[in-house]
Amino acid sequence: MLSNLATRDVETLIHPYTNLAAFREAGPLVLERGHGVWVYDTDGRPYLEGMAGLWCTALGYSNDELVEAAREQMARLPFSHIFSGRSHDPAIELAETIKELVPVPASKVFFTSSGSEANDTQVKLAWYYNNALGRPKKKKIIGRVKGYHGVTVASASMTGLAANHADWDLPLPGFLHAACPHHYRGAHPGESEEEYSRRLADELDAMIEREGPDTVAAFIAEPVMGAGGAIVPPKGYFAAIQPVLARHDVRLIADEVICGFGRLGSWFGSETLGIQANSLSFAKALTSAYMPLGGVTVDEPLYQAMLDQSRKIGTFGHGTTYSAHPVASAVALKTIEIYKRDRIIEGAAAKAPHFLRRLEALADHPIVGEARGLGLIGGLEIVADKASKRQYEPKAGVAARCVAFAQEEGLIVRFLAGDRVAVCPPLVIREDEIDTLFDRLGTALDRTQ
Ligand code: PLP
C-alpha cells in the first residue's frame with residue numbers, strides 16, 4: 001500500500017533511470033531531510049547515505065555554511081548570465097580557484113550546470129578545435145564500453161552502456177567504444193594487470209589505425225568508472241594508453257565528474273592514477289551537490305584556436321543561461337574553501353584504507369565475485385558461481401534485490417547494470433559509520449544469497 005505522497009508521485013512524475021513498470025508497484029522512497037551522512041524518510045526513518053546521493057554530496061547533508069553561502073548570494077545577486085560581455089565576481093573567483101587546483105594545463109574554465117553538459121561541451125570543443133585547425137575530418141570520439149558520461153545526445157553517445165543506446169538510436173555515427181578495462185572480466189587466464197593494460201593499449205592503437213588517426217579527435221575516460229560498475233583500471237592502464245593517444249594526436253579528456261574533488265583521496269582522480277589529460281570535465285562534488293554546477297577546462301592551444309575563430313567568424317556560439325550561475329558558483333567557492341580548511345580530501349585519503357579493508361572483506365561472501373575499490377568508492381560484482389565467475393540471469397535482478405534489502409536495513413547503496421553494487425559515501429563519513437555501512441551491506445548480502 002503506497003502512502004499518499006508516493007501515490008501522487010506515481011501519478012505525476014517521470015523519474016530518471018527508473019524501470020517505470022516496476023516503479024508503479026513499488027513507488028518511491030520519499031526523503032524529507034538529511035543530517036551528516038544520514039537521510040530521513042517521511043516517517044522519520046534514518047538511512048545511511050552510502051551513495052552520497054548520486055556520487056556527489058561529499059560534505060554530507062545540512063551543511064550550514066553552504067546554505068548560508070547560497071542565501072547570501074541569492075540576497076545579493078541571485079542571477080546574472082555571463083554572455084557577451086557580462087560577468088559576476090563568484091564566476092571569476094571560481095574560475096581562478098579551479099585553474100589553480102586542476103592537474104592539467106588550464107588556460108580557461110567553461111561552466112555548465114551538469115556533468116552531461118560538460119561532456120557535451122567537450123565533444124563540441126574537440127570538433128570546433130579541429131575545424132579551427134583546418135582538420136575537418138578529425139572528429140571521431142572514442143569512449144569505452146561501460147564508461148558513463150551523461151545523457152545528452154553526444155554524452156550518451158560517448159557512454160558505453162546498453163540502456164543509454166538501445167531504443168534511443170544511439171550512439172551517433174562517429175562515436176566508438178574501446179574495451180572496458182576490467183581485469184576481473186576482461187583479462188585472459190594468467191594475464192597480469194600490466195600485461196592486460198599493454199594489450200588494451202595495443203587494441204586502442206589498432207582501433208585508431210583502423211579508423212585513420214586523421215579522423216579521431218578525442219578519447220574520454222573516467223579515472224575510476226562509476227556507473228559502469230565502480231571499475232578500477234588495471235595497473236599501468238593510463239601509462240600504457242597515453243603514449244598511443246599522443247602519437248595519434250588524439251585529445252585525452254578525463255571525466256572527473258565523480259572522481260574530481262576528493263573521491264580517490266586526492267583533489268582529482270587524474271592525480272591518483274597518473275593521468276595527464278588535455279582537459280577535465282567536473283561537476284557533482286564541486287558544490288557537494290548543494291547546487292547544480294559543472295564545467296570543463298580549456299587548455300591554451302584550444303583557447304588560441306577559439307580566439308582565432310572568433311576573429312574570423314565572430315561569436316563563440318555555445319553556452320547556456322545558467323553557465324556559472326552566481327548562486328551555484330558561490331556555493332562551489334564555499335565548498336572548496338571547506339575542503340581546504342577542514343582538510344576533507346586528506347581526511348578521505350586517511351579513511352580510505354579502512355573503507356577498502358571492510359569492502360574487500362566482502363569478497364569472501366559466497367555471492368561476491370570481486371570487491372574492488374579505490375579511495376572512497378567501491379563496487380561488488382555479484383556472481384552465481386565464484387569459480388567460473390558465472391552471473392545470475394539478468395531477470396533474477398539479484399543486485400537489485402541486495403540493494404532493496406540494504407534499504408530495509410537502513411542503508412542506501414546503488415545497483416548497477418551487470419549485477420553490480422556500488423558504494424560511494426560522503427567524504428565526511430566517520431570510521432564508525434563506515435563500519436555501520438559495511439555491517440548493513442553484509443546483512444543485505446546474507447539476505448540476498
Ligand atoms: N560523467 C560521469 C563520470 C558521471 O558519473 C555522470 C553522472 O553520474 C555524468 C558524467 C553526468 O552528469 P550529470 O548527471 O550531472 O549530467
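Modeller: Two strands count as paired if DSSP finds at least two bridges between them. Helices (H or I, at least four residues) and strands (E, at least two) are DSSP runs, numbered from the N terminus.

Biologist: What sort of model is this, and where does the numbering start?

Modeller: It is a predicted model, in which local features need pLDDT of at least 70 and side-chain atom pairs pLDDT 80 or more, while totals for chains, interfaces and linings use all residues. Residues are numbered from 1 along each chain as its sequence is written.

Biologist: Let us take the sheet with β11 in it. What is the strand order?

Modeller: The order is β11-β12-β15-β14. These four strands form an open sheet, and their pairing is antiparallel.

Biologist: Which strands are at the edges?

Modeller: The edge strands are β11, residues 368-374, and β14, residues 414-416. Each has a single partner strand, so one side of each lacks a neighbour in the sheet.

Biologist: How many bridges hold β11 to β12?

Modeller: Six bridges connect β11 with β12 (residues 377-382), and the sense is antiparallel. As one example of a bridge pair, E370 has E381 in β12 as its partner.

Biologist: Changing topic: how do β2 and β3 run relative to each other, parallel or antiparallel?

Modeller: They run antiparallel, with three bridges between β2 (residues 38-41) and β3 (residues 46-49). V39 has Y47 of β3 as its bridge partner.

Biologist: How many residues lie between the strands of that hairpin, and which one takes a positive phi?

Modeller: Four residues lie between β2 and β3. G44 of this hairpin has the positive phi, near 85 degrees.

Biologist: And which way does β3 pair with β13, parallel or antiparallel?

Modeller: That pairing is parallel, with two bridges linking β3 to β13, which covers residues 411-412. L48 meets L411 of β13 as its bridge partner.
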